[in-house]
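Student: I am new to this structure and would like to know the grounds for the terms used about it. Please show it first.

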Amino acid sequence: MTALPELPSVELDTMALSSLARDCRLAGVERQVLLVRFSLLPPEYYRPHHGRLAESALEPLAGADRARVYRLPGHDLALAWRGDAGRQENRVLATLAVLFAEPAPPLPRFAELVRRFTVPRDAERLAACLAAPEPIEPQAPERPPLDLAALGAIERALASADMSRFSRRRSICRRDGSGQFRLAWEKRFLSVSEIGESLAPEHDLAGDPWLFRRLTRTLDRRLLALLSAPRELSSAPPFAINLNVESILSPAFLTFDVALPAGLRGEIVLELLPADILNDAPAFLFARDFVRGRGYRLALGGVAPALLPMLPLPALGLDFLELRYSSELASMPAAALDAASEERERILLAGADSPAALLWGEAQGFVLFQGRAALPVS
Amino acid sequence: MAGPAPAPEPGGSRDGSAERLLLDATRRAVRAPAERVALVLHLSRLGPPAPEPHHRRIARALLTEAAQRLDGQLFPLGNGDLALLCRAAHSRTPAANEPASLRSNLARLFGGEAAGPEAIVSLWPLPGQADLLLAYAAERLAAAEQFGAALRRDAIERSRTFSVAIPPEPAPMTGLPDFPEMLQRRTGALVARSGGTPSHALRPLFRELAFSSAALSAHYAPASDTSSDPWLLRHFGGRLEEPLLALIEAALPGSGPIGMAGTPPGFALHLNLSTKTIMKERSAHVFRLSRSIGVPIGVEVSLVEAAAMPEAFAAARSVLRRAGLRIVLGTISHQALLLTRPQSLDADLFKLDWSARLARLTEPDRGALASAFDAIGRERVILNRADNEEAVLWGLGHGIRRFVGHHVEVMLAAGRMLACAAASGCTLGQCSERAASATAPGRRFCRNLSLLDSGAPSAAPS
């Protein structure tokens, strides 16, 4: 069983609201949702008492059938209920109008601050509003790109480093018929950022893309060695690893293949990157056929939306396509997805960290997800 | 693979010992009561550049596993072939014909690299077809004894990137005197039928300045085989792009190996640049300069880079489009063309690398390739590495008219020599080599440099 991280109530409420839309779709019922978006207010305008006032303003609707309040990121509030509550709703809207009628600074329009939805019909619109604002990363000091000397030092250090401290897992979940997320497989990888912080803190590991590619092959060997250790996989669930084509053809992979418990044969997903496939297409074809004969499944990862029309999954002979959720992806026409794969169950949506991502993926017909909004049930 | 770890890196018998053992084992198998079978994986028949170390490694791992399962013995022969003598069927699953299944698996896996699946694996039941195995083993033994010394000399495995040591970072290039030695000049030409006659007219379309991988490797890491690490080579190449642009900026308007003075209108300069360099101010200078003197520029970006950094490629493409430059998508293997749709990257020209395997594609692959050409448009395809007549003829047979490669250089040299009053004493090879050189020493013996650099159309023998 994968340990679930403890989620703050805001995150739980966000996921619950997202689930509401999904559950309504599955159950064929409707809910009304009123969303108050304090997150759109200029930061200097929002004061804690606004939140309290807004909650008070929502009270008339608290008595509606199946009413529930959701506390959302950015101090946003939502209230969902079942059925017609027109009179109470009007009272709420009138109070909110007064609340947001304060003078300067200029505010967004009332219609943007207070939104009304009927789910599941408006599920995608709601999800777009719920999309977590992109976290603002603290500006990291600019570091010089990886150079050959640093690369050599990292590779030497990696040769004797205990890689288990860099080992990480992520859950890939499959949504079942009841709308629950079940663990499909784990993704096992080495944390590049932590390796960088530990072994070359003064360099930006990905600053030189080609030296970084070279580094990933070294990391592949270390990951394979880690997984080949006795008992490492004795009770492991199915998992996926990202490898270079050349790593699949290396002695380290053959050793890993020998160490693989019989129960996991046929359950392992090997993920490849487009550039690596194209760098040596004959080697890719050979590696693909070799590992397929050994029972591995193959995924194409790291596919930017712009590359979707270029990479047809059937022609590549791969089983899964991993896409990372982004606004760019969400705005891609369905035809672009079709160009890559018409079989939506073969597409894995990574970065499904927000209800918006999840709802978008579900609307596309995806069933495989990775992200905070798609955690497995125990 | 079940059982013990695979054998160490393969290196077949170089002194005939494995061939002798195979002969002895075959004779014993013929006399034995149990039915045996011989399976030979003919790695020596894989088309170049195969067999590569990974072919041998994986073949040996698969056959070692089969040998354990089928009570067999594996013989790595001197020519790279692997012979397996084993039981005819698995005793626990008598219905399953494992050797036959193994043969079809191996043929599927290695067949794409060979002349055909049937050529890559032999399966000889014993004693029924023992004569075939005996003849094969005897032939291999004779070859091993005769050529043993030569085989031993060739035994050094080509190392691949896993054993490529990281060379030290070279000092930033500040001067340019020896820098052009790493540059190669190549000419892209349009081959067109001339007036209904069987001969072809050659029209040079562009001059390409590109770094030689071998020269890069030799310059930056003479003690290390970086030529087998494409990522290190890209890193080195990237370091030279700005100095190259500086060189071009200085030399473009003039004559000489880099200059474009005197070239016919429309004759273009093609450069291989990374997306990062395309976005730099130095590139903008060169693009403006080329426009001001009327020299069209084409910028080649590799398919690998476009796939590795699609956002950067899209940004670079926008810059090039705004500057009115031609975008060439390069380093496209025919396998990549069959696997992907590079036309979706919205380039102007697509540079397909010639491979001898193009001439022996399977029927489905031929059809798929024709569809890919239709989708791209044959007039936008450049056949790169057209180093021999076979490549050019294959291209012409598939509707391709644009070529880059040694054979084209020789054809152009032939045309120049016909028109050159100073060509007496020159050979075709000398003329084409001088045209490819970007250094003064490399062009020293040419007495008609203006013609060498002219990029003029010529009629060449077909």
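Student: What makes the meeting of the side chains of E139(B) and R140(B) a salt bridge?

Tutor: A salt bridge is a side-chain nitrogen of Lys or Arg within 4 Å of a carboxyl oxygen of Asp or Glu. For E139(B) and R140(B) the N to O distance is 3.8 Å, so the pair counts as a salt bridge. A note on the source: this is a predicted model, where local features need pLDDT of at least 70 and side-chain atom pairs count only at pLDDT 80 or more, while totals for chains, interfaces and linings use all residues. Residues are numbered from 1 along each chain as its sequence is written, chains are lettered from A and ligands numbered from 1 in the order in which they are written, and side-chain values use heavy atoms, with hydrogens and water left out.

Student: Why is R140(B) called buried?

Tutor: Buried means under 20% relative accessible area, exposed over 50%, and partly exposed in between (1.4 Å probe, protein chains only). R140(B) has 15%, so R140(B) is buried.

Student: Which residues are joined into one network by salt bridges that share partners?

Tutor: They are D257(A), R265(A), R294(A), E65(B), R69(B) and E98(B). One salt bridge between the chains is that of E65(B) and R294(A), at 2.9 Å from N to O. Between chain B and chain A the count is 3 salt bridges, and over all chains 43 are found.

Student: What does the salt bridge of D65(A) and R82(A) tie together, and why?

Tutor: The closest N and O atoms of D65(A) and R82(A) are 2.8 Å apart. D65(A) lies in the loop between α2 (48-62) and β2 (68-71) of chain A, and R82(A) in the loop between β3 (77-81) and α3 (86-99) of chain A, so the pair ties together parts 17 residues apart in sequence. Helices (H or I, at least four residues) and strands (E, at least two) are DSSP runs, numbered from the N terminus.

Student: Are D65(A) and R82(A) buried or partly exposed?

Tutor: D65(A), at 38% relative accessibility, counts as partly exposed. R82(A), at 36%, counts as partly exposed too.

Student: Which parts does the pair of E145(B) and R20(B) tie together?

Tutor: These two side chains meet in a salt bridge at 3.1 Å, N to O. E145(B) lies in helix α5 (residues 130-153) of chain B and R20(B) in helix α1 (residues 17-31) of chain B, so the pair ties together parts that are 125 residues apart in sequence. R20(B) has a relative accessible area of 36% and is therefore partly exposed.

Student: How do you know that the span of helix α15 of chain B agrees with its number of residues?

Tutor: The expected span is 1.5 Å times one less than the number of residues. For the 14 residues of α15(B) (406-419) that gives 20 Å, and the end C-alpha atoms are 20 Å apart, so the two agree. Among the buried residues of α15(B) are V408(B), M411(B) and L412(B).

Student: How many residues of chain B are in contact with chain A?

Tutor: Contact means heavy atoms within 4.5 Å. By that rule 52 residues of chain B are in contact with 48 residues of chain A.

Student: What area do chain B and chain A bury between them?

Tutor: Buried area is the accessible area (1.4 Å probe) that two parts lose on being put together, summed over both. For chain B and chain A this is about 4,500 Å², 69% of it on carbon and sulfur atoms.
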